[in-house]
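Me: I have a model open and want to go through a few contacts. Can you take my questions one at a time?
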Amino acid sequence: MQAVAGDVSSIGAPIGIPRAPSRPLSFGNGAVSATEPASAETQQQVQKLRQSDANVRQHEAAHQSAGGGHAGAASFTYTRGPDGKSYATAGEVQVDISAEADPSSTVAKMEQVKAAALAPNDPSPQDLRVAAQADAQKLKAESEQRQQGGGTAPPALAARGASAYAAAQTAAQALTAPPGGGLGGLVV
C-alpha cells in the first residue's frame, strides 16, 4: 500500500514513501511464522525433514518389532526445521547381544538379534555389524552345543559354519563407517 499526499501513517512513515504491508503473525508450537506461504526452498527443506523423520522412525520401529524382548526403546536425534518443528534425523535401538546361560538359548536369541538387525529395508552399516556379531555369537554357541553333546558336526555342516563365520567376519571388517552413521542403527 502506498501512502498518498495528505495520508499520515499510524506507524510514522513519511508521506509519499511506501510502507511494507502488514503481515499477520500466528503463534503456535513455540514458533512464529507469517501466514503467507513459505518460500519454495523452505518448503523443500521441511518436506525433506518430514521424509527423513518418517524413514528414521520406520527404520527403528522395524528393529524394535523384530527384536522383541531383546530390543530396547528407540532414541532419536532431532533437527529443528525452518518451520520451528523438530524432526528425527537419526535413531538407534539398544539390543542385548549377550550370551544366554545355555548354548541353545543363545542360538535362538542370536537368530532373533540378527533378524532385528536386518529388519529394516535399508540396514545401516552398524546394523550389518550387529548382524555379523550375532552370527559369530551363534556359531560359538553352536560349537558349545556340539562339545556338550560329545559329538562332532558332520564335515559339510562344519564347513558351512566356518564359511558363515568367515563371511560374518569379513562383513564386519569391511564396514568401516563410524557407529551411529546413516539413518539409524542398532547399538550393542
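Me: Which residues make up the largest nonpolar core?
Reply: Eight residues in all: Val95, Ile97, Met110, Val113, Ala117, Val130, Ala131 and Ala134. A nonpolar core here is a set of buried Ala, Val, Leu, Ile, Met, Phe, Trp, Tyr and Cys residues joined through side-chain atoms within 4.5 Å, and buried means under 20% relative accessible area with a 1.4 Å probe, protein chains only. H2 and H3 each supply at least two residues of this core. Helices are DSSP runs of H or I with at least four residues, strands are E runs of at least two, and both are numbered from the N terminus.

Me: Before we go on, what are the ground rules for the values?
Reply: This is a predicted model, with local features needing pLDDT of at least 70, side-chain atom pairs counting only at pLDDT 80 or more, and totals for chains, interfaces and linings using all residues. Residues are numbered from 1 along each chain as its sequence is written, and side-chain values use heavy atoms, leaving out hydrogens and water.

Me: What is Met110 in contact with, sequence neighbours aside?
Reply: Leaving out neighbours within four places in sequence, Met110 is in contact with Ile97, Ser98, Ala134, Gln137 and Lys138. Contact means heavy atoms within 4.5 Å.

Me: New topic. How do the axes of H1 and H2 cross?
Reply: The axes of H1 (residues 40-67) and H2 (residues 103-117) come within 7 Å and cross at roughly 165°. Axes are lines fitted to C-alpha atoms, for helices over the stretch in contact, and angles run from 0 to 180 degrees between N-to-C directions. H1 and H2 are therefore roughly antiparallel, a label for angles over 145 degrees.

Me: Which residues make that contact?
Reply: His63, Ala66 and Gly67 from H1, and Gln112, Ala115, Ala116 and Ala117 from H2.

Me: Where is Asp96, and what does it touch?
Reply: Asp96 is in the loop between strand E4 (86-95) and H2. Beyond neighbours within four places in sequence, Asp96 is in contact with His70, Lys109 and Val113. Its C-alpha is separated by 6.6 Å from that of Ala71, 25 residues apart along the chain.

Me: How accessible is Asp96?
Reply: Asp96 has a relative accessible area of 34%, so it is partly exposed, the class between buried and exposed, where exposed is over 50%.

Me: And Gln145, which helix is that in?
Reply: Gln145 is in H3 (residues 125-149). With neighbours within four places in sequence set aside, Gln145 is in contact with Pro103, Ser104 and Val107.

Technical notes
Parallel < 35°, antiparallel > 145°, perpendicular 65-115°, else oblique.
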